[in-house]
Amino acid sequence: MCFSIRRSGESRCGPMVEVYIPEKGIAGRLDLARRQADEDDLPDDLLLLRELEDHESRAISHLERSNRELAEALEADDDPDFREAIAENVQVLRQKRERVAKALVDFRGQLSSLGAMGA
């Protein structure tokens, strides 16, 4: 399978990546949103915390798979854009793992508080 990723640098909304996979008829644009100052604030609701953990865990799995696929493509043909994408994904993976860890700590803390209230 042949595909390409073209980085377009900074747009007025932030960094953007275009992806084309001709064999599959897939073309798309990924605009990376800028982080909000309060993005690390976790919800107080247990259900929302659990949903956040599920969402971030799925995103981690997808990024890990993407990095494996990019690494395989690099074995066939060295591409600096693929190398850069892998490096960026590694940073995002670290951030997402930290966020999941924080969500789990908050989740467990809230469960402990609920247990103490019922005792």
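Reply:

**Charged pairs in and around the helices**

Arg-50 forms a salt bridge with Glu-53, and the closest N and O atoms of the two are 3.1 Å apart; a salt bridge here is a side-chain nitrogen of Lys or Arg within 4 Å of a carboxyl oxygen of Asp or Glu. This is a predicted model, in which local features need pLDDT of at least 70 and side-chain atom pairs count only at pLDDT 80 or more, while totals for chains, interfaces and linings use all residues. Residues are numbered from 1 along each chain as its sequence is written, and side-chain values use heavy atoms, with hydrogens and water left out.

Arg-50 and Glu-53 are separated by about one helical turn because they stand three residues apart in helix H1, helices (H or I, at least four residues) and strands (E, at least two) being DSSP runs numbered from the N terminus. Arg-50 is partly exposed, with a relative accessible area of 39%, whereas Glu-53 is buried at 12%; buried means under 20% relative accessible area, exposed over 50%, and partly exposed in between, with a 1.4 Å probe and protein chains only.

Further along, Glu-56 forms a salt bridge with Lys-96, the closest N and O atoms being 2.8 Å apart. Glu-56 lies in helix H1 and Lys-96 in helix H2, so this pair ties together parts that are 40 residues apart in sequence. Glu-56 is itself buried, with a relative accessible area of 7%, and, leaving aside neighbours within four places in sequence, Glu-56 is in contact with Lys-96, Arg-99 and Val-100, where contact means heavy atoms within 4.5 Å.

Glu-69 forms a salt bridge with Arg-65, with the closest N and O atoms 3.7 Å apart. Both of these residues lie in helix H1, four residues apart, about one turn of the helix. Glu-69 counts as partly exposed at 42% relative accessibility, and Arg-65 is also partly exposed, at 39%. Salt bridges that share partners join Arg-50, Glu-53 and Asp-54 into one network.

The protein has two helices and three strands, which follow the pattern β-β-β-α-α when read along the sequence. Helix H1 covers residues 46-76 and helix H2 covers residues 80-118. Buried residues make up 23% of the 119 residues in the protein.
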